Every structure is written in C-alpha cells, then in structure tokens.
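Work through these exercises with the structure open beside you. Try each task before you read its solution.

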Amino acid sequence: MTSVTFLTEEGRINGFDAEGHSGYAEAGEDIVCAAITSAVRLIDATINEVMGLCASVKVDEKNGAIAFRLPGGLSQTAESTCQSLLTGLMVYLAELHDEYPENVEVMEA
C-alpha cells in the first residue's frame, strides 16, 4: 500500500510524505503507482521548475518514498498557488483512495 501523509500546520500544507508501493500490480504495470507518481512529479515540476521555488524533494527509490517540503517565506501569490496545488493533490489522492482503498491511504498530520 502507498501511504501519503500531508503535513499541515495552522491550516497550511507544508508538504507531504509518500511511501510504499501500492501493490496493485507488478512493477511497470501498476496503474495506481503510476497515477500517484505522475501526480507527485507534476506538483514537484510545477512548484520547482515552473514557479522557480526551492521546495525540498527527497526520493528514495529503493523504498518507494518521496518527501516534499515547501520553503518558508513565500510571497502571498506563491503561497496561495502552492496551497491550491497541494490541496488539489490531496483531493486527487483521496479520490484515488476511494477507487483503490486497498492500495492508497491518505492522511493528514
């Protein structure tokens, strides 16, 4: 199962930790894992490459883990955009959980 924990503080999503393999199918054919990975990569690319921010991203491919943290001190516009992106990711993953409850878990901490 893939577990994604969104880290929040005072209503702000600071980042998330995703870990584990979904176990839906064999590696290379796992559509649930591919959906999660694709969504996470989109958030990373948008925040770091498109917006030019310096979010921390640590990947452990062996254990199937990704740790993503927003930087502090963002402008109001950047903060609002990042919060919308991360909230969208949370909603998307929650919907994926509804479809594949044995393979995806979404939590807030």
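Contact means heavy atoms within 4.5 Å. Axes are lines fitted to C-alpha atoms, for helices over the stretch in contact, and angles run from 0 to 180 degrees between N-to-C directions. Helices (H or I, at least four residues) and strands (E, at least two) are DSSP runs, numbered from the N terminus. This is a predicted model: local features need pLDDT of at least 70, side-chain atom pairs count only at pLDDT 80 or more, and totals for chains, interfaces and linings use all residues. Residues are numbered from 1 along each chain as its sequence is written, and side-chain values use heavy atoms, with hydrogens and water left out.

**Exercise 1. Find the strands that α1 lies across.**

Step 1. α1 lies across β1, β2, β3, β4 and β5. 
Step 2. Take its direction: α1 runs at about 30° to β4. 
Step 3. Turn to α2, which also packs on the sheet and touches β1, β2, β4 and β5. The direction of α2 makes about 140° with that of β5.

**Exercise 2. Give the order of the strands in the sheet.**

Step 1. Two strands pair if DSSP finds at least two bridges between them. 
Step 2. The open sheet has 5 strands in the order β3-β4-β2-β1-β5, with mixed pairing. 
Step 3. β3 and β5 (104-108) stand at the edges with a single partner strand each, so one side of each has no neighbour in the sheet. 
Step 4. Look at one pair: β1 (residues 2-9) and β2 are antiparallel over 7 bridges. Thr 5 stands opposite Asp 17 in β2.

**Exercise 3. Describe how α1 and α2 (residues 76-99) cross.**

Step 1. Their axes come within 10 Å and cross at roughly 175°. 
Step 2. That makes α1 roughly antiparallel to α2; angles under 35 degrees count as roughly parallel, over 145 as roughly antiparallel, 65 to 115 as roughly perpendicular and the rest as oblique. 
Step 3. The contact includes Ile 36 and Ile 43 of α1, and Leu 85 and Leu 89 of α2. 
Step 4. Sort the contact residues by class: 14 are nonpolar, 1 is polar and none is charged. Ala, Val, Leu, Ile, Met, Phe, Trp, Tyr, Cys and Pro count as nonpolar, Asp, Glu, Lys and Arg as charged, and the others, Gly among them, as polar.
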